[in-house]
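Student: I am new to this structure and would like a close look at one part of it. Could you walk me through it, starting from the whole chain?

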Amino acid sequence: MKRRTLPAVAAFASAAALLLSACGSDDESPKEKDPIAGAETGEPGGKQSSSPSSGSADNAKRPTFTLPKDVENNYAGWKAGEATKDAVLTDASRRIDATSYAITQSDADDPVLGFYYKGDALVEAAQWVKQFVDTKKSMTGETRFFNPKVDVYSPGKATLTYCAFEGKAYVKDIKTGKPDKTPVTEKSYLLYSTRLEKSETGVWKTSVLNSERGNKSCVQ
């Protein structure tokens, strides 16, 4: 699996589609084209992303933010039925949402990124969002995240893999509001591999994020 050198999404001008989540990219830059990942919400009257609920208490006061009405993240089957694993899934979905939110706000320094990323993954996420800012691009459409697999291999440490379908998510020109639509192919599917660490306040922060576009285990 390739190490993503930039945050999630692929390139603006290529025939792929994607934007995510997320952080890092499989050796592609946003200038080649690619749809997107999520952005958490929580504001009254705002559009909510369908991220899973954790059900486990902690001391962190998580930020709330609202995705634009034309951006939607769906998390299919993101429920493990076990408190710790569900907490990992919840914060991972919030991390995806935070990345999308920063992209739609054209703000690579948005504090929501630092809330859900750490270390090199945080640097990569900020760099990825900055590429959108510099090229005056944003995102639109729906991204579906599915088949999550969590392994809490040590207290406060976990790995998470999951698939994404970005065939209905697109890069959007901020000035014109026009999406750059591309046909759905195997490249519209991605496999993500991440590592998370639990902070002192109980937040599962993503410290490593890799992706592989067109991975057979995700193509449907």
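Tutor: Of the 220 residues in the protein chain, 53% count as buried, meaning under 20% relative accessible area with a 1.4 Å probe, protein chains only. This is a predicted model, in which local features need pLDDT of at least 70 and side-chain atom pairs count only at pLDDT 80 or more, while totals for chains, interfaces and linings use all residues. Residues are numbered from 1 along each chain as its sequence is written, and side-chain values use heavy atoms, leaving out hydrogens and water.

The protein chain has three helices and six strands, which are DSSP runs numbered from the N terminus (helices: H or I, at least four residues; strands: E, at least two). Their order from the N terminus is β-α-α-α-β-β-β-β-β.

Now to the close look. Threonine 194 sits in strand 5, residues 189-198, and is buried, with a relative accessible area of 3%. Setting aside neighbours within four places in sequence, threonine 194 is in contact with residues including Arg95, Leu160, Tyr162 and Val208; contact means heavy atoms within 4.5 Å.

How values were computed. Buried means under 20% relative accessible area, exposed over 50%, partly exposed in between (1.4 Å probe, protein chains only).
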